[in-house]
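Subject: Structure handover

Hello,

Here is the structure for your files. My notes follow below it.

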Amino acid sequence: MNCFECDEIGQSVAAVAVCTVCGAGVCATHVRTETMQIREPAHPGKVMHNRSARRLTCPTCRAAEQAV
Ligand SMILES: [Zn+2]
Ligand SMILES: [Zn+2]
């Protein structure tokens with residue numbers, strides 16, 4: 001798969017990731033990496049712990065999310 005963003009400007013660059021929002025392939029230049037803490041709901045008698053999750057998005061989806 002090639003990077004969707006690069007393809008739009010007429011370039012062929014191999015994608016290194018896939019946008020979790022729109023599913024477009026993105027290259028190392030265009031990928032937006034985000035680490036988010038997933039806070040699991042606390043259950044009685046269970047230890048609550050935070051997990052780190054990685055989220056990869058394309059510039060378009062990242063910009064759309066930040067605009068909100
Ligand atoms: Zn690209
Ligand atoms: Zn996207």
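Among contacts in the protein between residues at least 6 apart in sequence, what percentage join residues at least 24 apart? The figure is 39%. Two residues are in contact here if their C-beta atoms, placed from the backbone, lie within 7 Å.

Conventions next. This is a predicted model, so local features need pLDDT of at least 70 and side-chain atom pairs count only at pLDDT 80 or more, while totals for chains, interfaces and linings use all residues. Residues are numbered from 1 along each chain as its sequence is written, and chains are lettered from A and ligands numbered from 1 in the order in which they are written.

Fold

The protein has 2 helices and 4 strands. Their order along the sequence is α-β-β-β-β-α. Both kinds of element are DSSP runs, numbered from the N terminus: helices are H or I with at least four residues, strands are E with at least two.

Strands β3 and β4

β3 covers residues 32-39 and β4 covers residues 50-57. The two run antiparallel and are joined by 8 bridges. Strands pair if DSSP finds at least two bridges between them. One bridge links Ile-38 to Arg-51 in β4. β3 is hardly covered: of its 8 residues, the buried count is 0.

Burial and core

A residue is buried if 20 or more other C-beta atoms lie within 10 Å of its own, exposed if 12 or fewer, and partly exposed in between; the C-beta atoms are placed from the backbone. Buried residues make up 21% of the 68 residues in the protein. The largest nonpolar core has 10 residues, including Phe-4, Val-26, Cys-27 and Cys-58. Such a core is a set of buried Ala, Val, Leu, Ile, Met, Phe, Trp, Tyr and Cys residues joined through C-beta atoms within 7 Å.

Two loop alanines

Ala-14 sits in the loop between α1 (4-8) and β1 (17-18). Ala-14 counts as exposed because it has 11 other C-beta atoms within 10 Å. Leaving aside neighbours within four places in sequence, its contacts are Asn-2 and Cys-27. Asn-2 is 12 residues away along the chain, yet the C-alpha atoms are separated by 4.4 Å.

Ala-28 lies in the loop between β2 (25-26) and β3. Ala-28 is exposed because it has 11 C-beta neighbours inside 10 Å. Ala-28 and Ala-14 are 14 residues apart in sequence and 8.8 Å apart in space, C-alpha to C-alpha.

Cys-27 belongs to the core. Beyond four places in sequence, Cys-27 is in contact with Cys-3, Cys-6, Val-13, Ala-14, Ala-15 and Val-16.

Best wishes
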